[in-house]
Amino acid sequence: MERIPVFILVILYFVSTEVACNGYTHINNNVQSERKALIDFKSVLTDPNNRLSSWKGNNYCYWHGIGCENGTGFVVSIILRNPYPIENEYGNQSYMNLSGVISPSLIKLKYLKYLDLSYNSFKAIPIPQFFGSMKNLIYLNLSNCGFIGEIPSNLGNLSNLQYLDFSSKYTYHNDFGYSSDFFIKNIEWMTSLVSLKHLSANNVNLSMVGSQWIEVLNKLPMFIELHLDDCSLFGSIPSPSFVNFTSLSIIIISSNGFNSTFPEWLLNVSSLVSIDMSWNILHGRIPLDLGELPNLLHLDLSWNYLEGNISQLLRKSWKKIEFLNLRKNDLHG
């Protein structure tokens, strides 16, 4: 076997050493940048129970709520959901709340995919505009954080987003009942969320959106779940010009003010598993073909003004039904 000359081995040694050092320097720079962004984020938070007490030292990938990509040190997830999402007798929810300001240092986390700040207490501030610049996000949960004001339309820049939840538990009383001071004026920006599968906007005031919501969501090619409970939606439930909900599994539009017949276009959505339209002003006959939806497990049409013959309804196949609630309607037979 022919021997490699010594001078070539020396050159290879120095080249490999330089590559290794440059690679280490690159990774080390990533580490310093990611760590500083997290420290800046923490510095403007109020943390009465020291939930972030582990946020010290250099190994930030082991800090509470932080997930990193293997081998690079890039932060890919920040999961800081309040561990007590429902207030109990000891008041643990408020005690465990994070509050204060959300630092724009989060923009520096270029590989962040999952952000969950739900059930904390960022009261009396709007959702930060810079969230619309975090274009790698696929999961964003800002539910029940006390945000107020208009939901920023630049969230439409998040074309990779699959899960979006900005539901609110905070409402105020006005002449028409209870309404939220957390609102959307124009929902058209959601047409850009081409990867969206799940939308929860419970208790968000959508009264200014009108009938736009159904046409906008109908344009989303991967859409599966819709949660719009108590959103101050009124009037008729619109029918899309062309039904594109090929994957829609769950539709919850309860506790609104829909004064409408049952939207029969839903009978063509065979993927439906759960329908909840309770506590509206639905009227007219309950379509018998609801019982023929092949995957339907859950149907709640209670507290409406619907009419129907119970015996005729129950003669349908109801292949997979597990929960059926039709009470407080005008049923007979």
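This is a predicted model: local features need pLDDT of at least 70, side-chain atom pairs count only at pLDDT 80 or more; totals for chains, interfaces and linings use all residues.
A residue is buried when its relative accessible area is under 20%.

Strand S3 belongs to an open sheet of 11 strands. The order is S2-S3-S5-S6-S8-S12-S13-S15-S17-S19-S21, and the pairing is mixed. Strand S2 (66-68) and strand S21 (323-325) form the edges, each pairing on one side only. From one strand to the next, the twist averages 10 degrees.

S2 and S3 run antiparallel and are joined by 3 bridges. Cysteine 68 has valine 75 in S3 as its bridge partner. The hairpin of S2 and S3 has 6 residues between the strands. Glycine 71 in this hairpin takes a positive phi near 90 degrees. S3 also pairs with S5, in the parallel sense, over 3 bridges. Here isoleucine 78 stands opposite leucine 115 in S5. Strand S5 (residues 114-116) in turn runs parallel to strand S6 (residues 139-141), again with 3 bridges. Aspartate 116 faces asparagine 141 of S6 across this pairing.

## Serine 254, a buried loop residue

Serine 254 sits in the loop between strand S15 (250-252) and strand S16 (257-258). Its relative accessibility is 5%, so it counts as buried. The serine 254 side chain makes a polar contact with the side chain of aspartate 229, at 2.5 Å.

Beyond its neighbours within four places in sequence, serine 254 is in contact with Leu228, Asp229, Asp230, Asp276, Met277, Ser278 and Asn280.

## Two salt bridges

The structure holds 2 salt bridges. One joins the side chains of lysine 36 and aspartate 40, at 2.9 Å from N to O. Both residues lie in helix H1 (residues 6-43). They are 4 residues apart, about one turn of the helix. Lysine 36 is partly exposed at 48% relative accessibility. Aspartate 40 is also partly exposed, with a relative accessible area of 23%.

The side chains of glutamate 188 and lysine 219 also meet in a salt bridge, at 3.9 Å from N to O. Glutamate 188 lies in the loop between strand S11 (182-183) and strand S12 (198-200), and lysine 219 in the loop between helix H3 (212-218) and strand S13 (225-227), so the pair ties together parts that are 31 residues apart in sequence. Glutamate 188 is partly exposed at 35% relative accessibility. Lysine 219 counts as partly exposed at 48%.

Definitions and conventions. Residues are numbered from 1 along each chain as its sequence is written. Side-chain values use heavy atoms; hydrogens and water are left out. Two strands pair if DSSP finds at least two bridges between them. Helices (H or I, at least four residues) and strands (E, at least two) are DSSP runs, numbered from the N terminus. Axes are lines fitted to C-alpha atoms, for helices over the stretch in contact, and angles run from 0 to 180 degrees between N-to-C directions. Buried means under 20% relative accessible area, exposed over 50%, partly exposed in between (1.4 Å probe, protein chains only). A polar contact is a pair of N or O atoms within 3.5 Å; within protein, one must be able to donate a hydrogen and the other to accept it, and residues adjacent in sequence count only if both atoms are side-chain atoms. Contact means heavy atoms within 4.5 Å. A salt bridge is a side-chain nitrogen of Lys or Arg within 4 Å of a carboxyl oxygen of Asp or Glu.
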